[in-house]
Amino acid sequence: MNTAIGKFNREYLSKVWSEVAEGDTLPELVMPISYRRVIQDVAATRDFFPGHHDPAYAKKQQVKDIYLNTMFLQGLVDRYVSDWSGPEAFIRKRRIHMQISIAAGDTVTINGVVTRKYEENNERLVDVDVQINNQDGERCCPSSVVMRMPA
Amino acid sequence: MTKEATGADIVTGTLEEARTWIGKKTPVKFNETDVNRPMIQFYAAAVEDANPSYWDEEYAGNAHGGIISPPGMLMAWSMTPDWNPMRPKSQKSQSTFDLPLPGTTLINVSTESEFFRPMRIGEILNSDSEIVSISDEKKTRLGIGHFIVTQATYRSGAGEIVATNTNTMFRYIAHGENHS
């Protein structure tokens with residue numbers, strides 16, 4: 001663990017590469033997706049594509065209600081892995097695959113596992129697989145992240 | 001014809017027309033919004049990201065020389081405000097919305113990003129992109145259409161590559177859509 005101090009003497013812990021092992025699991029995260037959160041997403045990303053704010057348009061698209069956009073899911077995956085690693089890790093690569101839209105009214109459960117630990121071009125890296133499932137256990141958004149970690 | 005509450009301004013055409021776009025790089029587009037703290041914190045709040053790189057100036061100052069952008073905001077910085085009096089009237093976006101395909105709506109399918117360094121407050125990033133491939137007609141749960149793969153490169157004002165994106169989008173006619 002590395003420790004860094006911030007404002008008001010807050011302490012921030014970061015995992016170091018040597019303490020991570022392949023097969024390590026990340027703590028589960030549950031997040032209810034309210035209308036309010038979908039609209040926060042629209043406002044935060046300024047993505048005014050109607051599927052994200054107009055339920056009638058979303059239904060016409062064959063999605064049950066207004067749904068989260070790509071940028072929200074990217075931010076959620078990044079937040080999920082950095083909650084675990086601490087702030088010193090750097091996201092080098094991230095892939096998200098949106099198989100089933102996540103709409104207002106859904107609740108997502110996120111799980112992750114370290115699949116690979118390696119060094120490449122002088123970077124200490126770990127690969128983390130992240131699954132975002134909905135309340136019916138459907139795999140909505142399988143994702144993977146390559147993180148560079150401190151020594 | 002049914003009345004729509006909102007539309008998405010999508011240009012339609014044929015697959016043959018659309019495929020003439022493959023491999024043509026767009027002109028470099030400069031973001032209309034600089035990387036800024038209020039938007040960073042609004043976004044971090046939406047996903048409840050407590051990373052001090054986005055919130056704590058003291059921590060971020062020591063770690064990065066200041067507050068940085070979450071990587072997930074890469075595309076958010078290039079989103080254009082709905083209205084901007086300074087935008088040149090002639091500006092054509094050449095986005096996947098303008099790609100002439102039969103599909104009347106679209107949904108994003110997957111995005112793969114690579115980051116080379118953090119995006120810093122005050123930066124105005126720019127990008128160019130090109131369409132790499134357009135699939136033959138495919139049928140999914142949502143409808144019938146084409147998968148479009150686009151590659152984009154994001155640079156700093158000095159031309160340094162900050163990130164790259166490979167994106168797959170589905171342009172489709174939704175099942176049950178009224179054609180009359």
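Across the interface of chain A and chain B of this predicted model, 26 residue pairs, both at pLDDT 80 or more, are in polar contact. A polar contact is a pair of N or O atoms within 3.5 Å; within protein, one must be able to donate a hydrogen and the other to accept it, and residues adjacent in sequence count only if both atoms are side-chain atoms. On chain A, the side that touches chain B draws at least two residues from each of strand E1 (2–5), helix H1 (35–45), helix H2 (55–60), helix H3 (70–85) and strand E4 (90–97). H3(A) gives the most, with 9 residues. Helices (H or I, at least four residues) and strands (E, at least two) are DSSP runs, numbered from the N terminus.

In total, 48 residues of chain A are in contact with 52 residues of chain B, where contact means heavy atoms within 4.5 Å. There are 4 salt bridges between the two chains. In one of them, the side chains of A:Lys7 and B:Glu57 meet at 3.1 Å, N to O. A salt bridge is a side-chain nitrogen of Lys or Arg within 4 Å of a carboxyl oxygen of Asp or Glu.

B:Asn51 lies in the loop between helix H2 (37–46) and helix H3 (57–64) of chain B. This residue is buried, with a relative accessible area of 8%; buried means under 20%, exposed over 50% and partly exposed in between (1.4 Å probe, protein chains only). The side chain of B:Asn51 makes a polar contact with the side chain of A:Ser82 at 3.5 Å. Not counting residues up to four places away in sequence, B:Asn51 touches A:Ser82 and A:Pro87.

| Strands | Bridges |
|---|---|
| E4(A) and E2(B) (residues 105–115) | 5 bridges |
| E3(A) (residues 25–32) and E5(A) (residues 107–120) | 6 bridges |
| E5(A) and E6(A) (residues 123–133) | 11 bridges |

Between the chains, A:Arg95 stands opposite B:Glu112 in E2(B). Within chain A, A:Val30 stands opposite A:Thr109 in E5(A), and A:Lys117 stands opposite A:Val126 in E6(A). E5(A) and E6(A) form a hairpin with 2 residues between them, and A:Asn121 in the turn has a positive phi of about 45°.

Residues are numbered from 1 along each chain as its sequence is written, and chains are lettered from A and ligands numbered from 1 in the order in which they are written. Local features need pLDDT of at least 70, side-chain atom pairs count only at pLDDT 80 or more, and totals for chains, interfaces and linings use all residues, while side-chain values use heavy atoms, with hydrogens and water left out.

Conventions:
Two strands pair if DSSP finds at least two bridges between them.
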